[in-house]
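Open the model in your viewer and colour it by secondary structure. The stops below go from the whole chain to single residues.

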Amino acid sequence: MTRRSPVPSSLAFEGTARGAKFWDRIAVVVKASPETTFQALHEVTLRDMKFAWLLGELRYLPSRLAGHMPVADSSRPFMNTLIEGGTLILRDDTPREVITGSAAQLHRVHQAPQRFVNRAAFEAFDDPDHEKLFMSVRVAPTGRPGEHWLVLEHATRALSPLAERKFARYWSVIQPMGAFVTWQLLRAVRRRAERARALPGDERILQAFDTLTHGVTIRRAPRDVWPWLIQMGAGSRGGWYSYDWLDNGRQPSAAHIVPELQHPTVGTIFPALPGATEGFTLLAIEHERVLTLGWLAVNGTPEVTWTFVLDEVAPGVTRLLVRVRGGPGYRFHGLPRSLTRLVVRVVHFIMQRKQLLGIRRRAESTRPDTLMPADRSPTADKDAA
């Protein structure tokens with residue numbers, strides 16, 4: 001596999017934030033195009049990062065009570081909230097980078113951000129009791145096909161030595177919380193980008209009635225997660241790793257790798273329930289990367305596709321994405337279309353979340369060297385045409 005390049009710096013940002021003494025940079029890997037990632041950036045809301053939003057509300061509560069800052073609307077896009085609060089876009093190179101600037105007495109409990117009509121007014125501002133905060137959000141290649149770094153970098157420049165000393169004390173306290181909020185924001189953007197990203201299996205249902213995407217990060221390499229996926233299925237197979245009393249006849253899902261279930265081929269049935277002849281048919285398989293299941297109609301076309309994708313986002317760390325797509329005519333147990341969408345979204349979220357956590361727990365609790373080399377070797381399975 002191609003070596004991932006280091007997180008790059010930005011000459012444009014370094015030039016804009018020249019003189020800043022306090023810097024913080026966090027990056028995550030996103031398996032999406034720059035266009036898709038920037039679209040997600042402009043759509044993500046405070047509601048998408050609930051815990052970070054709560055920390056922010058606690059931090060700015062005194063200012064809100066004093067009437068210096070309005071109450072944040074958690075349903076509004078995060079970037080819109082920043083701009084409405086006084087942050088100015090200094091440079092917009094979408095979909096590669098956007099640089100913003102703001103000014104406030106950041107070291108004080110009460111916040112009253114300054115507002116500027118343009119960049120010239122921002123650059124001319126020099127009140128010695130204030131700091132200027134610069135932010136860069138950028139997307140850069142990692143050197144691997146289909147993935148990018150999503151980077152958020154902060155830089156703060158105090159406008160006087162006294163303000164710098166005051167901010168230094170504040171920075172020592174707030175920096176860990178700020179880093180956590182940044183990380184939460186980047187993860188929220190990644191989740192939105194993942195939902196919009198095209199995945200293998202999407203082409204099997206071109207006009208989907210609905211599409212649901214979920215993911216989990218697992219601290220194991222893809223080869224250590226893969227065996228748990230290919231042995232899924234109720235009854236005589238490994239189970240679904242979800243609520244066994246509901247989808248596996250109260251039989252516990254497997255807690256170990258079952259060697260005889262490690263070599264499914266296209267057409268293999270993964271039973272939906274114990275003893276059932278119906279189930280999900282294996283439509284496509286790409287060793288240690290993609291598993292696409294489908295619930296087939298009488299004519300053999302998929303009514304539902306269920307795709308599992310393994311992305312290695314760091315050495316020994318896997319992002320497992322799961323996408324379900326329903327065909328135009330799909331109805332959940334004959335329910336009307338409007339009710340089908342509502343019921344499926346609720347039920348699928350509950351069951352899928354449990355399954356993802358079950359897979360993560362099993363993969364992370366199994367030593368990587370417990371699989372025999374034969375179990376790790378590629379099979380003769382090929383992607384379905």
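How many helices and how many strands are there in the protein? There are ten helices and eleven strands, taken as DSSP runs (H or I, at least four residues; E, at least two) and numbered from the N terminus. This is a predicted model, in which local features need pLDDT of at least 70 and side-chain atom pairs count only at pLDDT 80 or more, while totals for chains, interfaces and linings use all residues. Residues are numbered from 1 along each chain as its sequence is written, and side-chain values use heavy atoms, without hydrogens and water.

Select the open sheet: six strands in the order 6-11-10-9-8-7, with antiparallel pairing (strands pair if DSSP finds at least two bridges between them). Its edges are strand 6 and strand 7 (269-271), each pairing on one side only.

Next, show strands 10 and 11, which pair over ten bridges. Leu310 stands opposite Leu320 in strand 11.

Now select Leu291, Leu293, Phe308 and Leu320. These residues have the most contacts inside the largest nonpolar core, which has 28 residues. Such a core is a set of buried Ala, Val, Leu, Ile, Met, Phe, Trp, Tyr and Cys residues joined through side-chain atoms within 4.5 Å; buried means under 20% relative accessible area with a 1.4 Å probe, protein chains only. Helix 7 (222-230) is among the elements that give two or more residues to this core, and its share, five residues, is the largest.

How values were computed:
Buried means under 20% relative accessible area, exposed over 50%, partly exposed in between (1.4 Å probe, protein chains only).
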